[in-house]
Amino acid sequence: MGGYEENGQRYVSLAGLRIRGWTGGMAHRLLGAADRLGANPRFRDAPRIRLYRLERVEAAERSEDFRAVAESSERRSEAVRAAMRRRREEILQRIRDEPIDVPRLAPGRLALRAAEHRARREAEWGRAGDGTAAMDGPVTHSSLDPLAPWKVGYLRHRLGHYDRFLDAWPGHGRGSGRAEAATLLRERICAAIAEAYPSLAQECERQAREQGVGPPLQ
């Protein structure tokens with residue numbers, strides 16, 4: 001990947017150099033200007049690709065300068081990775097330690113606020129808020145409160161400001177570890193709601209399981 005051949009001469013693109021362990025800065029410092037510009041093989045209208053003669057690349061890779069620059073680049077990269085690991089662990093620890101302040105409402109007021117929140121959500125979804133729409137989840141045999149899904153949903157909405165921890169997470173994407181932080185935060189919030197409102201504990205467990213938070217809350 002990243003290799004080209006023309007008139008018996010082999011070239012390496014900048015993408016190919018990165019596969020071989022180069023960075024853009026290393027290419028600029030050790031190779032200088034590209035030997036030629038080639039057409040992008042995937043997109044005809046894309047900018048032309050910088051190509052470097054393979055023999056020149058291999059000669060640079062055998063040099064002491066390359067080893068010194070590569071080692072320096074690796075040290076910087078490891079320092080960045082270590083800093084990100086520390087930052088991630090700091091955020092995870094903050095999530096573990098942060099008190100979750102659940103609003104304490106009288107049963108009637110909580111039911112009213114939950115219904116109002118549900119009506120607003122239905123309006124946002126473009127559905128008629130006539131109070132007959134399906135709830136956030138089914139009513140189980142051991143939960144006799146038909147508004148339990150709405151109440152838990154409302155309380156979780158009230159606790160949405162704790163998402164600030166996720167906003168501070170360094171990096172995104174599947175491999176960033178952000179999903180771990182989101183899972184831990186949801187788990188703590190659901191556990192706090194269950195502690196504040198024991199009658200909602202089963203619904204908290206159900207929503208936790210359905211959202212992949214992990215094992216049932218204790």
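Leaving aside its neighbours within four places in sequence, which residues is lysine 151 in contact with? The legends below take up this question and then turn to other sites. This is a predicted model, in which local features need pLDDT of at least 70, side-chain atom pairs count only at pLDDT 80 or more, and totals for chains, interfaces and linings use all residues. Residues are numbered from 1 along each chain as its sequence is written, and side-chain values use heavy atoms, with hydrogens and water left out.

**View A. Lysine 151 in helix α6 (residues 148–158).** Beyond those sequence neighbours, lysine 151 is in contact (heavy atoms within 4.5 Å) with Leu110, Ala111, Ala114, Asp145 and Leu200. Lysine 151 has a relative accessible area of 11% and is therefore buried (under 20% relative accessible area, 1.4 Å probe, protein chains only). Its side chain makes a polar contact with the side chain of aspartate 145, at 2.7 Å (a pair of N or O atoms within 3.5 Å, one able to donate a hydrogen and the other to accept it; residues adjacent in sequence count only if both atoms are side-chain atoms).

**View B. The aromatic pair of tryptophan 22 and phenylalanine 66.** The two rings, both from buried residues, are tilted, with 4.9 Å centre to centre and 50° between the planes (a pair needs centres within 6.5 Å, using the six-membered ring of Trp; planes under 30 degrees apart count as stacked, over 60 as edge-to-face and the rest as tilted).

**View C. Arginine 36 and tyrosine 11.** The charged end of arginine 36 sits over the ring of tyrosine 11, 5.4 Å from its centre (for Arg, CZ within 6 Å of the ring centre and within 35 degrees of the ring normal).

Note on methods: Buried means under 20% relative accessible area, exposed over 50%, partly exposed in between (1.4 Å probe, protein chains only). Helices (H or I, at least four residues) and strands (E, at least two) are DSSP runs, numbered from the N terminus.
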